[in-house]
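Dear colleague,

I am handing over the structure below, and I would be grateful if you could look through it before reading my notes, which follow directly after it.

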Amino acid sequence: MEAHLEICHAIDSFQEKVVPLSHDIHEHPELKFREHFACRVLTQAIRELGLEVQTGIGGLETSFRCAFGNPGPTIAILAEYDALPNGHSCGHNLIAGAALAAASGLASMRQKLPGQVVLMGTPAEEGGGGKIALLDNGAFKEVDAAMMAHPADCEYSAMAVLAMQHLRMTFHGRAAHGAAAPWNGVNALAAVLQTFQSVDAARVHLRDLSRVHGIITNGGQAVNIIPELAQCEFSARAITAKYADQIAERIRRCADAAAMSTGARVEHETVCAYKNMISNRVMTQIYERNSEKLDTITREAPPGTPTGSTDMGDVSHALPAIHPMFQISNPGEGTCHEEVFVRYSDSERGYTAMSRVAKAMALTAYDLLANSEALAAAKAEFASARK
Ligand SMILES: [Zn+2]
Ligand SMILES: [Zn+2]
């Protein structure tokens with residue numbers, strides 16, 4: 001199709017602009033909600049394409065939204081660009097580059113686009129739930145379908161993504177001299193340790209594919225003081241939001257029991273919660289067809305494939321959406337959040353794959369705009385999946 005060729009050609013010629021930009025974001029890793037450098041270089045590049053862009057949408061300083069095209073249906077392509085404490089070990093610089101490049105391809109023919117494209121910058125995927133704030137604040141209001149692509153050690157058009165609850169428990173005890181008067185103390189750290197033991201005992205009863213993992217974020221103040229304050233965090237994940245809820249409740253009970261037995265007082269907090277991903281099959285199939293045209297076979301991940309969580313799950317509960325994974329490393333050689341993935345996220349292989357998925361997403365967005373039956377089918381599927 002002529003439009004497809006035009007889009008791919010524009011993305012090819014944008015590659016010399018987007019690779020250095022993605023590399024720059026990689027060299028300036030920024031944690032959730034602090035992605036000021038990434039937001040600045042991305043919006044600058046958008047303006048250089050002759051497009052208008054608004055920042056600070058949905059109450060998030062480092063978000064942006066750029067819409068172009070013509071009246072008609074609206075497809076959103078989402079960019080993430082936050083890093084982790086160990087750098088760009090989740091490769092979000094490639095997600096941002098792929099989304100920007102896809103938009104550049106579609107923008108090259110914006111006068112004759114059969115609808116509207118929105119390029120949205122979504123901060124704080126790593127534990128901040130930026131997309132949830134954007135959803136709540138109406139940023140997706142006129143969007144008919146949304147997509148993004150994430151780097152990995154595998155190539156999948158769709159995969160089950162776990163629902164997740166991030167819990168924090170703060171135990172309040174009573175300080176006392178550890179040697180001279182320990183009987184006057186209430187040990188908050190003991191409550192944390194008991195919580196971990198109870199959670200580990202509960203683990204054997206959890207359904208397949210569930211995950212519970214935790215850290216101690218405060219283990220006491222000084223070795224000669226009975227800890228008066230201790231804190232831990234858990235992530236509870238499951239294939240449905242409902243089951244993640246049940247696991248979270250069980251973890252809270254473990255903490256309550258530990259508080260009771262030690263005499264400490266526990267305070268519960270839900271830091272954030274992500275829904276599981278409902279991958280839209282109609283959109284997935286269009287993405288697969290376009291990937292095949294670009295010489296890459298991509299299929300849905302087999303059930304039980306290990307996975308994480310994302311706030312794209314919440315988007316997929318609000319509108320038809322896909323979140324394909326694209327391969328930038330060999331299976332088993334390292335994947336997201338590992339030290340070695342920082343290197344893959346800034347590699348020639350990574351940037352080549354970034355360009356290819358930019359095309360696959362842009363063509364998929366174009367097909368959804370051009371083929372009203374396909375978009376209607378995606379929406380009908382979404383409506384029935386919701387029931
Ligand atoms: Zn990640
Ligand atoms: Zn990620």
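D144 is buried, with a relative accessible area of 15%, where buried means under 20% relative accessible area, computed with a 1.4 Å probe and protein chains only. The model is a predicted one, in which local features need pLDDT of at least 70 and side-chain atom pairs count only at pLDDT 80 or more, while totals for chains, interfaces and linings use all residues. Residues are numbered from 1 along each chain as its sequence is written, chains are lettered from A and ligands numbered from 1 in the order in which they are written, and side-chain values use heavy atoms, with hydrogens and water left out.

D144 sits in the loop between α4 (130-136) and β5 (145-147), helices being DSSP runs of H or I with at least four residues and strands runs of E with at least two, numbered from the N terminus. Leaving aside residues up to four places away in sequence, D144 touches P73, T74, L319, P320, L375 and K379, contact meaning heavy atoms within 4.5 Å. With K379, the side chain of D144 forms a polar contact of 2.5 Å, that is, a pair of N or O atoms within 3.5 Å, one able to donate a hydrogen and the other to accept it. A polar atom of the D144 side chain also lies 2.7 Å from the backbone nitrogen of T74.

As for the chain as a whole, its secondary structure comes to eleven helices and 14 strands, and buried residues make up 55% of its 387 residues. Its C-alpha trace spans about 80 × 40 × 40 Å along the principal axes.

With kind regards

Key: Buried < 20%, exposed > 50% of the residue type's maximum accessible area, 1.4 Å probe, protein only.
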